[in-house]
Every structure is written in structure tokens, then in C-alpha cells.
Amino acid sequence: MAYGLSLKSRLGFLMGLGVLVLVTVFATPARAGEWTTMTVDAEGPSGIYNAIAVDSQNNYLISYSDGIDDDLQFAKSTDKGATWVMTVVDSNGGKHCSISVDPSDNSYLISYYGANDLRFAKSIDGGVSWDVVLVGENIKQGRETKLAVDRLGNYVILFFDNFTGILRIAKSVDGGETWTSSVIEDVTFVADYYKDLAIDPENNYLVVYSDFQIGMRFAKSVDGGSSWTKSTVEPGVMSFIGAYIAVDTDDNFVTVYSNRVEATTSISTSSDGGANWSDPVDIQLGVDPYYPCFVIGEDGTFVVAYEAFDGAVFSLAVMTSIDQGESWIEESVDTGTEVQHSLSIEMNGDPVLSYSKDSTLMFARYISDTQAPTLPTPVLTPGPTTATPIITGTVTEDLNTVTSVEFQMDCPDGVCDASGWTVCTAEDGVFDEAEEAYICQVTEPLSPGPHTIYIRATDSYGNTTLSGSEVSVAFEVAAAPVVEDPEEEPASEDEETEEPAAELAETGETLVLFQLIYVIVVIIYFSMSRFFRDPRSV
């Protein structure tokens, strides 16, 4: 999570204690993936205090302090960190923030130190608008807050009360509208910055914190924060910073913290509910690690992000372990960073980070899967000569799930237009599995002649078939048959034999008619001739 002391004051404090900073060389194996970094807010100074979370749609969420106006800002990315939308949450201050997501409705929650008091903000519309509630009862409450949602849906904030010097929790049972607080530790030697909160599967509240008189301490509440039992993880006076706690897949409690006297980062485990803790194991690999953040993925992977100091500058690095801390892989994320950083896990188990560098809010994402889905050659139906063919095939993904298949026709010189893709459909209705049958329908009739169809696919990690690597199928649309005018079509044999007969019949009918008329005319003629020649006929 974010830390409140400036880089200069932290280094001065370390050197004042006479800490000897050692640089060691340690060869470590590399994972198959890679880290990529992106700028979130360059209008600095920003990100001095920051916290990151991932919602149920795998969107990235960052709360942070704007160093210009000291506003509490919220940044959200829905495209794997490529672009970010920023919103002002509270213009009255936003230091020491912590961000979480309510799993019941995907609402966004932020606890923070506002205008010298503890505050809580909630958004039910994806971060567009925020409701702010005053939580603390006194001024100077809320240094280095930690926020969690318990198994009953209650909101819990761990904070240090600077006004009284007491370590407390605040709890809301009505969605953040009202809050009550209870005391965890009332001694004045609790380090206000170095503490963490987690909820175990049985809804017990777990807290680790640094007590400068005793050492690294653990507190547990089985009654929703009303009472607490405590134990010591590791004794030491004025020794420990950067405490974090998580629950592993075997329900063991695991804490990671830095020993600033010995310049090491250690891990300790409790398998009996926090009553006893294993001897701390130094997980230092390369240069000396400070201010660790710690999370455990759903697959049991331990992830620690920390600032590695080489005697001159800090660099942000990450260590991962797949064997519950027995061995570690170390990777560099960015150099020249500042101390403030926060760590979370996205839905596929890969870590994401928010951090500050050169007074700029930054984001880092580990990409374990860099390969697009595999596309075998598809099939065209009902045939390659059809002007509106249907393309069918199967796409497979090794590590994640297929999210889309698209096609494009006749890309010039094999280079497809980035905006010219048409979406195909999944045979089962939705792309959400590692193997999917797909159907692409060409709806605009193709002209006769040669054509090529190009197909690409995208997985749930955002990997899309690279331009020029699409699977393609070349085919030719046949020319349509020529349809002549029926009046100009040559007659068939039957028509040729039938037409003369018809004409002959018409000729015979005409001849008979003329003959009949002729007979009538002759009869009339002879009758009239006789009448005029014989006087007796009068």
C-alpha cells in the first residue's frame, strides 16, 4: 500500500540508525511473462499516496492523492491499463488511502485521511460519482488506513488515531452510512504507518502492526472487532516497517515485513490461528528490499512488491513464490521509483501495481500470457464459389479463455485495416472457454473473382493475433450465369414444330372465310342479273 513518509525522510531515518546498505548479486530464474509499465496521471505531482484494486469485471482501480490540490482522485481502466479515466472523489484531501470492492454489488470503496480526519467514499455507479462520509470522531484520525469487506458484507477500516495515539478499527454494518470504532492497541508506541488488515475464511479480523517497544505484533478478533487477542511475530525494538498479512490456501496466516535494523525483508507463518509464529525467514534476494506489499493469489502464489535500494536510488521489484515461500523469483519492474506503491492481483492471478515515479502516478502489469489464441485453417461453406460464404472453425487458448473472433475481407497486400473487422459468433452463443467453435458470416455479396478472408482472435488477457499473422483462406467467387431475354431466345424444336402448325391453321381458317364470302357474292350477282334481264320478273 501507500506509505506516508517522504523518500528523503525515510532514508535519513535509516541512515541515522547506522544501517549499512549492502548490494548483493543473486542469480534468479525468470518467468515466461513480462512486466509492462504505463503512465496513469502525468499532471504531477500525483500518486504520492496510492492504492490499487481489481473489480469483478477485471477493471483496474486506483485511488491516489493529487499533489497539486491535495484532492483524492480515482482512476479507472477498462482496457488493461492502456487508457485511464480520472475522477475527483474529494477536494478536501486524500492521503493514506486504501481501496476495495464490495463483492456483493461491485461498488467501489475508499478509506483515506481527508482534511485532518478519517473519511470514507463509496461509488455505486462504477466510479462516476462518489458519496463521502466522515468516519473519525476527532481530528488527526486516519493515518495509513487499510480497508476490507468482511464475510458478512460489513466494511472495516484499520487506522491510527494520532489524536489519542491508539490503534483502532472503524466498522459499518449499513453499507458505509454510519460507523462505530473500537480499540485494538492503546499504547503510544504503535507505528502509525506500518500495519495491515485481513479477513480470514471464518470472518476473523487479522491485524499486524509494528510496536516500537515490543516488535512485530499480531492481533485477532473473533467477534467482529469487539475484543482482541495478541501475539508477537518477531521481537525487536524500533525495528520493523512495512507489515502485511494474508491467508494462504491452507488457511495459514502469513505476514511479510521489513527489518530496518538488519536491512532485510522476512516472512513468518502461523498454522495455529496466530497463537505462535514460525521463525522469520529472510526472503532477500538481490539488493536490499524495503517497504514490502504482500498478496496471495487464489492459486496460492506468494507475491511481494518492494523497493530495492542500491545505495543511490530505489527501484521497484517483485518477488514471487509458488512453494509457500521456500524459493523465490525476483524481477525488476521499474527504476528510479519512489517509495509509495500498492499491489493487487487480477482475475487470472497475475499481479498489478500502482506506484509513484518522478512525481507521476504509474501503473505496472505482469503479463504471463503473451500469446494470442491458436487459429487452425477454417472451412468455407457451402463452397468457395459462393458470393456470401459462411466461415467456420475452432480456436484454442492455452492459458486463458477466448473472448472474440473477427474476420476481414481482402486486406490490401495482406495488411488489414485496424477498424475494418467484423465480429464472428460463438457456436455455443458466447466466447468464454479455452476452446471455441466459431461462425463468421459474409453478408455483403462478393464480386466474381478471387478473394481472401482474414481471421484473428483475442483472449481474455487482451492478446490479439498480430497484424500480418492472421489465418487466411483464398478462394474465387464464380461468375453468375448469363440470363437472356425470353423474347430473344431461340425456339426449341417443339416450339419450331408447333409454330408452323399454328400458322397453317390460321391460313386455312382465312381461306375458308374467303371462299364463303366468294360464294355469297356470286349468288347475289346472279340473282341481280336475272332480275334485270327478265321483264316478267317484275
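This is a predicted model: local features need pLDDT of at least 70, side-chain atom pairs count only at pLDDT 80 or more; totals for chains, interfaces and linings use all residues.
**Entry 1**

I looked up E433 and found it in the loop between β33 (425-426) and β34 (435-441); strands, here and below, are DSSP runs (E, at least two residues) numbered from the N terminus. Residues are numbered from 1 along each chain as its sequence is written, and side-chain values use heavy atoms, with hydrogens and water left out.

I recorded E433 as partly exposed because its relative accessibility is 41%. The classes are buried under 20% relative accessible area, exposed over 50%, and partly exposed in between (1.4 Å probe, protein chains only). E433 belongs to a negative surface patch together with E427, D428, D432 and E435. A patch takes residues with over 30% relative accessible area and no salt bridge, like charges being joined within 9 Å; Asp and Glu count as negative, and the charge is placed at CG of Asp or CD of Glu. The areas come from the Shrake-Rupley method with a 1.4 Å probe.

**Entry 2: Salt bridges**

In one of them, K80 meets E346 with the closest N and O atoms 3.5 Å apart. This pair links distant parts of the chain, 266 residues apart: K80 is in the loop between β4 (72-77) and β5 (85-90), E346 in the loop between β26 (341-345) and β27 (351-357). K80 is buried at 17% relative accessible area, and E346 is buried at 2%. I also noted that R365 joins K80 and E346 in a network of salt bridges.

D196 and K146 form another salt bridge, at 3.6 Å between the closest N and O atoms. D196 lies in β14 (residues 190-199) and K146 in β10 (residues 141-149), so the contact ties together parts 50 residues apart in sequence. Both residues are buried.

For D117 and R119 I noted a salt bridge with a closest N and O distance of 2.8 Å. D117 is buried at 13% relative accessibility, as is R119 at 14%.

**Entry 3: Strand pairing**

I traced an open sheet of four strands in the order β18-β19-β20-β21, with antiparallel pairing; two strands pair if DSSP finds at least two bridges between them. β18 (240-247) and β21 (281-282) are at the edges with a single partner strand each, so one side of each has no neighbour in the sheet. Seven bridges pair β19 (residues 253-259) with β20 (residues 264-270), and V254 has T269 as its bridge partner in β20.

I then examined β31 (residues 402-409), where seven of the eight residues are buried. β31 runs antiparallel to β35 (residues 449-459) over seven bridges, with Q408 opposite Y454. Two bridges join β31 to β32 (residues 422-423), again antiparallel, and F407 stands opposite T422.

**Entry 4: Positive phi values**

Which residues other than glycine have a positive phi near 50 degrees? I found H96 and D410 among them. H96 lies in β6 (residues 95-102) and is buried at 3% relative accessibility. D410 is in the loop between β31 and β32 and is partly exposed at 35%. Most residues other than glycine have a negative phi.

Methods
Patches are made of residues with over 30% relative accessible area and no salt bridge: like charges are joined within 9 Å, nonpolar side chains (Val, Leu, Ile, Met, Phe, Trp, Tyr) within 5 Å. A salt bridge is a side-chain nitrogen of Lys or Arg within 4 Å of a carboxyl oxygen of Asp or Glu.
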